[in-house]
Amino acid sequence: MRAVLTTLFLVFTGLAIFSSCFAPSAKEKGKMLADKYCSSCHLPVDPSLLDKETWTKHVLPAMAPKLGIRVWSGDQYYPVEGKPQPGQISFNEWVELVKYYETQAPAKLTPAKPPVPLQRDWFGFSMKHPVGVDSPGLAATTLVSFDTATRHIFTSDSYTSTLDTWDSSLRKTGSRKMPSPVVDILYTRDGGKSSPAIITQIGNMRALDAPAGIISELNINDLHSKQKDLMPFLKRPVQTLQADFDKDSLVDLLVCAFGHNQGGLYWLKQLPDHRYEQKTITEVPGAIHAAVGDFNGDGWPDAMVLFAAADEGIWLYENDRHGGFKSTNLLRFPPLNGSTSFQLVDFNQDGKLDILYTCGDNADFSMVLKPYHGLYVYINEGNNSYRQAWFYPVNGCTKAVAADFNLDGKTDIAAIAFFADMQNNPAEKFILFEGKDHQLNFTPHAPPIEKEGRWICMDVKDIDGDGDEDIILGNYGRGFVILDGYKPDWKEYQPFIVLENKQK
């Protein structure tokens, strides 16, 4: 009998040891919970991407209600009655999830070290200021845009909701009141002549779901003309593009409506009477930037779109030739990236368009400088496959435009950063990357303009008509400052500056 008991004891002891060896650790269980519940909305986020305080005091309390957990007094949680609904987490699992992020997150994020240090020089540019704007008023520029046909610069302001016109001497020649700030102008041409432009008015710069955005048609060169609303009541539209998506010889519109919790990507189909019918391509928030082209070579216009809310990434929408689109995800990014822009550029001269991508929007629940913000290049390897080939860290990077600025046959890049490290590295607010070859080797140049403004928008065009590309930088002088105790030391009244290219 004793032998039997001894055998049973050894068996059960062995089973206990065996099961304990394969029981998930607290870290492993926390990761499994993050993968299970967070992946329903976006890519799971590793704890290392934020510091401990930001996770526990800001991000997790903001995420709790989305998973059915109530929040009390900041970061104090309590369960709700009844069983969790589908997709919601139990209270005990939530406690384990919070502990996972709290124990695995670093105390502070380690700043990124640029692979090549900034060169403090003008890279062949000189600065020009607008005339007659040295008043104490605040600039909140939401648009800078150069019309190559009329050689006028157009700007808009968030505080005044005006659309202003500037001539070649940078003197204001006109101003008109708009229902809300203009964030995008699409210049149209009819037989080579200027036609009414397509104006995108955001409605509200703040993160709201109010349907106050408008897509309108306006003769921007006639101050007495009135805007014709093509599609009102959109939620924070930010960009409008043109294409005849159904090949009926009527030019349609593609609208990115960023929204907040709601938004979408819309096809505005032009009808024979020139009204527009709104057709939804996808009803999710975050559409921030798009490009239109025949990306699959079938002769029909497609769209490539960057989404920057929750499930961030770039999607290809292929025209199905029957009034719809087939979507394919090309790249996905963590929701902490704060995606801001992309551009299609053939960097390696292989005949395929690569992706220049920027991320750095920091006006959210995690307002800390992030070492993974900056500029990325993804090389097109064919069959809708892209490989990350280059990264340069820039805190709060907002936009990048590739062009051959010094006319040496190599691709350069101009980049702005609205949420730059103002205290320790204000020069990164604007950087010119000089392309050294076709293998993604760049020398970064920082012209000494950090005291001139804080750049939120940019346009790259040949403004003076001398054959090289100039740059307009729009200044949002005050607001959206994420650094505690930091006081702006730049010109808050100046709406924009022009960097004139002196290569020719």
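This report describes helix packing and selected residues in a predicted model.

## Basis of the description

The model is predicted; local features need pLDDT of at least 70, side-chain atom pairs count only at pLDDT 80 or more, and totals for chains, interfaces and linings use all residues. Residues are numbered from 1 along each chain as its sequence is written, and side-chain values use heavy atoms, with hydrogens and water left out.

Helices (H or I, at least four residues) and strands (E, at least two) are DSSP runs, numbered from the N terminus. Two packed helices are described by the angle between their axes and the distance between the axes. Axes are lines fitted to C-alpha atoms, for helices over the stretch in contact, and angles run from 0 to 180 degrees between N-to-C directions.

## Helix H3 and its packing on H4

Helix H3 covers residues 52–63 and helix H4 covers residues 91–104; their axes lie 9 Å apart, at an angle of about 150 degrees. H3 is therefore roughly antiparallel to H4 (angles under 35 degrees count as roughly parallel, over 145 as roughly antiparallel, 65 to 115 as roughly perpendicular and the rest as oblique). The crossing of H3 and H4 is right-handed; a crossing is left-handed if the near helix is turned anticlockwise from the far one by less than a right angle, and right-handed if clockwise. From H3, the residues Lys52, Trp55, Thr56, Leu60 and Met63 meet Trp94, Val98, Tyr101, Glu102 and Thr103 of H4, where contact means heavy atoms within 4.5 Å. By class, this contact of H3 with H4 has 6 nonpolar, 2 polar and 2 charged residues. For these classes, Ala, Val, Leu, Ile, Met, Phe, Trp, Tyr, Cys and Pro count as nonpolar, Asp, Glu, Lys and Arg as charged, and the others, Gly among them, as polar.

The 12 residues of H3 should span 16 Å at 1.5 Å a residue, and the end C-alpha atoms are 15 Å apart, which agrees. The expected span is 1.5 Å times one less than the number of residues in the helix. Within H3, Thr54, Trp55, Thr56, Val59, Leu60, Pro61 and Ala62 are buried (buried means under 20% relative accessible area, exposed over 50%, and partly exposed in between, with a 1.4 Å probe and protein chains only). The cover over these buried residues includes strand S1 (70–72), strand S2 (76–78) and H4.

## Helix H2 against H4

H4 also packs with helix H2 (residues 26–38); the two axes come within 9 Å and cross at roughly 115 degrees. H2 is therefore roughly perpendicular to H4, and their crossing is left-handed. On the H2 side the contact is made by Lys27, Lys29, Gly30, Lys31, Leu33, Ala34, Lys36, Tyr37 and Cys38, and on the H4 side by Glu93, Glu96, Leu97, Tyr100, Tyr101 and Gln104. This contact of H2 with H4 has 7 nonpolar, 2 polar and 6 charged residues.

Gln104 belongs to helix H4 and is partly exposed, with a relative accessible area of 32%. Not counting residues up to four places away in sequence, Gln104 touches Lys27 and Pro47. Gln104 and Pro61 are 43 residues apart in sequence, and their C-alpha atoms are 17 Å apart in space.

## Loop residues with positive phi

Ala310 is not a glycine, yet has a positive phi of about 60 degrees. Ala310 sits in the loop between strand S19 (302–307) and strand S20 (312–319) and, at 39% relative accessibility, counts as partly exposed.

Arg321, likewise not a glycine, has a positive phi of about 70 degrees. The loop that holds Arg321 runs between S20 and strand S21 (325–333). Arg321 is partly exposed, at a relative accessible area of 45%.

Ser158 is placed in the loop between strand S5 (152–157) and strand S6 (162–166) and, at 18% relative accessibility, counts as buried. Leaving out residues up to four places away in sequence, Ser158 touches Ala140, Thr142, Pro181, Met205 and Tyr476. Ser169 lies in the loop between S6 and strand S7 (172–177) and counts as partly exposed at 40% relative accessibility. Ser169 and His129 are 40 residues apart in sequence and 9.4 Å apart in space, C-alpha to C-alpha.

Thr280 lies in strand S17 (residues 276–282) and, at 44% relative accessibility, counts as partly exposed. Thr280 touches Leu265 and Tyr266, not counting residues up to four places away in sequence. The C-alpha atoms of Thr280 and Val59 are separated by 31 Å, with the two residues 221 residues apart along the chain.
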